[in-house]
Amino acid sequence: MAVVTGASRGLGAGLAARFAEAGLALGLCARHEPPVPDGAAERAVTAAVDVTDPDAVDRFADAVVERLGRIDLWVNNAGLLAPIGPLRDVDPGELRANIEVNVLGVLHGSATFARHVRSRPGGGTLVNITSGAATRAYAGWAAYCAAKAAVDHATRVVALEEADSGLRAFAVAPGVVDTDMQALIRATPPERFPSVDRFHRIREEGAYNSPAWVADHVLGLLDAPPDAPVVQRVPDEPR
Ligand SMILES: NC(=O)c1ccc[n+]([C@@H]2O[C@H](COP(=O)([O-])OP(=O)(O)OC[C@H]3O[C@@H](n4cnc5c(N)ncnc54)[C@H](OP(=O)(O)O)[C@@H]3O)[C@@H](O)[C@H]2O)c1
């Protein structure tokens, strides 16, 4: 059984679809209630949940467990890129919103899942979706880069704190996936995002990782060897 946050569109919806194909029961949330993947109606719980609200995340987990039983895999995927532009120019409210979703949202989901794993026997797998921007600095993405770096390091902390409960924690950078987030990047003028050409080129070359490819990498983590790195990048999909 798997939970995916930010499952209303983009990578999260694609992860959910692949997990459903693999036969997993699903708990899916986003601010807009996510669609149920094909064939999963009998084994899916969907809800409108804002991951910045820790109580709402807890209530969602309780509803999922009540209906579908124990959660084996929890994917904190919900995220946002904005604001884009030099830090000196961006709106402080947008900065706050970025950190609330990308950092606090991931911390709330991680905490909820860690408590769940300790509430029943057996371990669990936590996957926090990070980005290459955690380690590569992009002018125009101060909040996003800072947030994803925080996700990487917080995931290392959770991996240490929860090892004795059998919880394995990973931060997984999916590579470039063609979603609304990519459309927003391509629509940004170079004055606000000087690296925009790179993303136009990726589009021209179709050099994306599909959500199904990312999902298969995540599913592989359910049997990760003990020495698997906490912070990982999904390899480029062969084409
Ligand atoms: N696309 C890429 O190339 C790429 C590369 C590296 C990393 N990532 C990461 O992959 C993840 C998914 O990105 P994406 O490209 O699929 O983005 P997206 O198309 O913009 O989708 C973002 C998802 O997050 C949800 N979300 C946003 N704020 C939320 C909140 N406060 N509470 C709950 N859900 C919220 C959105 O749903 P609602 O609007 O319904 O809430 C949506 O389902 C993100 O963590 C992103 O940083 C993406």
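Me: How are residues numbered along each chain?
Reply: Numbering starts from 1 along each chain, in the order its sequence is written. As this is a predicted model, local features need pLDDT of at least 70 and side-chain atom pairs count only at pLDDT 80 or more, while totals for chains, interfaces and linings use all residues.

Me: How many helices and strands does the chain have?
Reply: The chain has seven helices and seven strands. Both are DSSP runs numbered from the N terminus, helices being H or I with at least four residues and strands E with at least two. In sequence order the pattern reads β-α-β-β-α-β-α-β-α-β-α-α-α-β.

Me: Switching to the ligand. Which residues come nearest?
Reply: Gly6, Gly10, Arg31, Gly79 and Thr179, out of 29 residues around the ligand. A residue is near if its C-beta atom, placed from the backbone, lies within 6 Å of the molecule.

Me: Which elements give two or more residues to that shell?
Reply: Helix 1 (10-21), helix 3 (92-118) and helix 5 (180-186) do.

Me: How does the shell divide by class?
Reply: Into twelve nonpolar, 13 polar and four charged residues. Nonpolar means Ala, Val, Leu, Ile, Met, Phe, Trp, Tyr, Cys and Pro, charged means Asp, Glu, Lys and Arg, and the others, Gly among them, are polar.

Me: Now packing. At what angle do helix 2 and helix 3 pack?
Reply: About 40°, with the axes of helix 2 (residues 54-68) and helix 3 9 Å apart. Axes are lines fitted to C-alpha atoms, for helices over the stretch in contact, and angles run from 0 to 180 degrees between N-to-C directions.

Me: Why call helix 2 and helix 3 oblique?
Reply: Angles under 35 degrees are roughly parallel, over 145 roughly antiparallel, 65 to 115 roughly perpendicular and the rest oblique, so helix 2 and helix 3 are oblique to each other. Pro54, Val57, Asp58, Ala61 and Val65 of helix 2 make the contact with His108, Gly109, Thr112 and His116 of helix 3. Contact requires C-beta atoms, placed from the backbone, within 7 Å.

Me: And how do helix 3 and helix 4 cross?
Reply: At roughly 15°, and the axes of helix 3 and helix 4 (residues 142-162) come within 9 Å. Helix 3 and helix 4 are therefore roughly parallel to each other. The residues in contact include Leu95 and Ile99 of helix 3 and Ala147 and Val151 of helix 4. By class, that contact has 14 nonpolar, three polar and two charged residues.

Me: What about helix 1 and helix 7?
Reply: The axes of helix 1 and helix 7 (residues 211-220) come within 8 Å and cross at roughly 65°. Leu11, Gly14, Leu15, Arg18 and Phe19 in helix 1 meet Pro211, Ala212, Val214, Ala215, Asp216 and Val218 in helix 7.

Me: Last one. Where is the cis peptide bond?
Reply: The cis bond joins alanine 82 and proline 83, with omega about 10°. Proline 83 sits in the loop between strand 4 (73-76) and helix 3. Most peptide bonds are trans.

Notes. Contact = placed C-beta atoms within 7 Å.
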